[in-house]
Amino acid sequence: MKIKIGDKVYLQLIDLYFIRMHDLYPGGDFYANCKEVFPDTKVNPYGFSYVFDNPAVVNWIMSQEYIIDYDACLGHHYLEIALLYAEYEEYYDSLTQEYLDANPDNYIGDTSEESLLMAMREYQLYQLELILQYRDEDIDIDFPPDYRPFAGSLALS
């Protein structure tokens, strides 16, 4: 997930793993611009532990729809996110079945664009699941020190 505060964007460690695993980052200076938020502690893979402030990198991260914007989900009630998760899961399952039907021998280890899109959709589903787990207090998420939920909104839903 991502959180944008001012001119900076924060990512979770799992986001960096996903970006690197699928070779999605834009050029060589992507990681050079990355700074640890909590350098003296063990990194929580679910924490927003990495920050970027290079405008080009911030714009690139914000344009990546497969990385869910935490603030976009924050105003939704638990039930709305659970329903969104169920919709994503149903949609993902139907796409997966279509893909498997069309490519029965190529799913494992496939590097095609279709396979990457499937991985991105699965990653979105995983992030929604993390939000639900956080709201159920099953996992801890470390937020940036300067993060103020609802700072831009008076609606405290």
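The legends below describe close-up views of a predicted model.

Residues are numbered from 1 along each chain as its sequence is written. In this predicted model, local features need pLDDT of at least 70, side-chain atom pairs count only at pLDDT 80 or more, and totals for chains, interfaces and linings use all residues, while side-chain values use heavy atoms, with hydrogens and water left out.

**View 1. Overall fold of the predicted model.** The protein has 5 helices and 4 strands, where helices (H or I, at least four residues) and strands (E, at least two) are DSSP runs numbered from the N terminus. Along the sequence the elements follow the pattern β-β-α-β-β-α-α-α-α. Of the 157 residues, 39% count as buried; buried means under 20% relative accessible area, exposed over 50%, and partly exposed in between (1.4 Å probe, protein chains only). Among contacts (heavy atoms within 4.5 Å) between residues at least 6 apart in sequence, 71% join residues at least 24 apart.

**View 2. The open sheet.** The 4 strands are arranged in the order β1-β2-β4-β3, with antiparallel pairing. Strands β1 (2-5) and β3 (35-36) are the edges, each pairing on one side only. Two strands pair if DSSP finds at least two bridges between them. β1 and β2 are joined by 4 bridges, and Ile-5 stands opposite Lys-8 of β2. The hairpin of β1 and β2 has 2 residues between the strands, and Gly-6 there takes a positive phi near 60 degrees. β2 and β4 run antiparallel and are joined by 3 bridges; Val-9 stands opposite Phe-52 in β4. β3 and β4 (residues 50-52) pair over 2 bridges, with Tyr-50 of β4 as the bridge partner of Glu-36.

**View 3. Helices across the sheet.** Helix α1 (residues 13-21) lies across β2 (8-11) and β4, at about 85 degrees to β2. Helix α2 (residues 55-63) lies across β1, β2 and β4, at about 50 degrees to β2. Axes are lines fitted to C-alpha atoms, for helices over the stretch in contact, and angles run from 0 to 180 degrees between N-to-C directions. The buried residues of α1 are Leu-13, Ile-14, Asp-15, Leu-16, Phe-18 and Ile-19, and they pack against β2, β4, α2 and α5. After α1 comes Asp-23, with a positive phi near 55 degrees.

**View 4. Packing of α1 and α5.** Two packed helices are described by the angle between their axes and the distance between the axes. For α1 and helix α5 (residues 113-135), the angle is about 175 degrees and the axes are 12 Å apart. The two helices are therefore roughly antiparallel; angles under 35 degrees count as roughly parallel, over 145 as roughly antiparallel, 65 to 115 as roughly perpendicular and the rest as oblique. α1 contributes Ile-14, Asp-15 and Phe-18 to the contact, and α5 contributes Ala-119, Met-120, Tyr-123, Tyr-126, Gln-127 and Leu-130. By class, the contact has 7 nonpolar, 1 polar and 1 charged residues. Ala, Val, Leu, Ile, Met, Phe, Trp, Tyr, Cys and Pro count as nonpolar, Asp, Glu, Lys and Arg as charged, and the others, Gly among them, as polar.

**View 5. Surroundings of Gln-64.** Gln-64 is in the loop between α2 and α3 (70-74). Gln-64 counts as buried because its relative accessibility is 14%. The Gln-64 side chain reaches the backbone oxygen of Trp-60 at 3.1 Å. A polar contact of 3.0 Å joins the side chains of Gln-64 and Ser-63. A polar contact is a pair of N or O atoms within 3.5 Å; within protein, one must be able to donate a hydrogen and the other to accept it, and residues adjacent in sequence count only if both atoms are side-chain atoms.
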